[in-house]
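Dear colleague,

I am handing over the structure below, together with some notes on what turned up in it. Please read the notes with the structure open beside them.

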Amino acid sequence: MSKTIRFKIHGGRVEIEGEGFHGPACDAAISRFLRALAGEVQQIQMKPEYYQPIVETQEVGQDA
Amino acid sequence: MSQFVTCTTVIRDPQCLVAALLKLGRWSEEQIEVHSEAVALFGYQGDKRAETSEIVIRRQHVGLASNDLGFKRAADGTYQAVISEYDGRHGYDEAWLTRVVDGYNRERIIQECQLAGYSYQVETRNGEEHMVAYVTG
C-alpha cells in the first residue's frame with residue numbers, strides 16, 4: 001500500500017492525515033510538516049492501522 | 001489511514017507568504033516589497049505612519065483611499081498583518097486574512113514536499129480540495 005499524507009487546508013487550519021503507515025513511521029512523516037507549518041497541534045487521533053504490527057516476511061530454507 | 005492531526009499555523013516564511021499573496025491574483029511581484037528590515041508605512045494622504053513592516057504593499061495597489069498594507073515580523077519570527085481600520089472594513093478583513101493563511105499553508109506544504117522529494121497533487125474528495133503528498137523511501 002502506498003504511503004500518502006493528505007492535507008485539508010481551510011479556515012487558517014490544516015488537517016493532516018497519514019495513510020498507509022504503521023506506528024512511528026507516521027509520526028515521522030507528519031511531524032516534518034508540522035514543523036514546517038510551525039503548527040500548534042489541536043488534535044491527534046490514531047487510526048486502528050497505527051497499532052498494527054509490522055510483519056516482515058522472509059523466505060527460509062533455501063540456501064544461496 | 002493511521003493518524004489524523006489538526007493544527008493551527010503561524011506565518012514564519014516570507015517567501016511562502018509572498019507566494020500566497022501573489023496567488024491571490026491581485027498583485028504582481030513588483031508590487032510586493034520585501035525588506036530585510038521593517039520600513040515605514042504610509043497613510044492614504046502620503047502621511048508617514050508609526051507602523052512599520054518588512055513586507056509591504058503600497059496604498060496605490062491596495063485601493064482608492066487605502067493605506068499601505070504590511071506584514072510585520074515579530075520578535076518570535078512570526079509575521080503579523082498590519083492593516084488599517086479603513087482597509088479592514090474594505091475587503092481586507094478576517095476572511096481575507098484567512099485566505100492569505102490558507103494560501104501560505106499551501107505554499108509551505110509544497111515547499112516541504114519539494115525539500116523531501118515527495119510528489120504531490122491536488123485532489124477533490126467529497127467536494128473538498130485536498131493536497132496529497134506521496135511519501136517515498
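In which element of chain A is the place of Thr4(A)? Thr4(A) sits in strand E1 of chain A, where strands are DSSP runs of E with at least two residues and helices are DSSP runs of H or I with at least four residues, both numbered from the N terminus.

Before going further, please keep in mind that this is a predicted model, in which local features need pLDDT of at least 70 and side-chain atom pairs count only at pLDDT 80 or more, while totals for chains, interfaces and linings use all residues. Residues are numbered from 1 along each chain as its sequence is written, chains are lettered from A and ligands numbered from 1 in the order in which they are written, and side-chain values use heavy atoms, with hydrogens and water left out.

The two chains

Chain A has one helix and three strands, and these follow one another from the N terminus as β-β-α-β. Of its 64 residues, 39% are buried, a word used here for a relative accessible area under 20%, with exposed standing for over 50% and partly exposed for values in between (1.4 Å probe, protein chains only). The accessible surface of chain A is about 4100 Å², and 49% of that belongs to carbon and sulfur atoms; such areas come from the Shrake-Rupley method with a 1.4 Å probe, and for residues only the protein chains shown count as cover. If one takes the contacts (heavy atoms within 4.5 Å) in chain A between residues at least 6 apart in sequence, 29% of them join residues at least 24 apart.

Chain B contains three helices and seven strands, in the order β-α-β-β-β-β-α-α-β-β from the N terminus, and its C-alpha trace spans about 55 × 30 × 25 Å along its principal axes. Here 43% of the 137 residues are buried, the exposed surface comes to about 7200 Å², with 48% supplied by carbon and sulfur atoms, and residues 24 or more positions apart account for 39% of the contacts with a separation of 6 or more.

Where chain A meets chain B

To return to Thr4(A), this residue is buried, with a relative accessible area of 7%. Leaving out residues up to four places away in sequence, Thr4(A) touches Glu17(A), Gly18(A), Glu19(A) and Phe21(A), and also Val132(B), Ala133(B) and Tyr134(B).

Gly12(A), in the loop between strand E1 (3-10) and strand E2 (13-19) of chain A, is likewise buried, at 14% relative accessible area. Apart from neighbours within four places in sequence, Gly12(A) is in contact with Thr8(B), Thr9(B), Thr98(B), Val101(B), Asp102(B) and Asn105(B).

Leu37(A) lies 25 residues from Gly12(A) in sequence and 11 Å from Gly12(A) in space, C-alpha to C-alpha.

Two loop residues of chain B

Arg58(B) is placed in the loop between strand E3 (48-57) and strand E4 (69-73) of chain B, and counts as buried at 14% relative accessibility. Not counting residues up to four places away in sequence, its contacts are Gln31(B), Glu33(B), Val39(B), Ala40(B), Leu41(B), Phe42(B) and Asp68(B).

Asn126(B), by contrast, is exposed, with a relative accessible area of 75%, and is found in the loop between strand E6 (119-125) and strand E7 (128-135) of chain B. Its phi is near 50 degrees, which is a positive value in a residue other than glycine.
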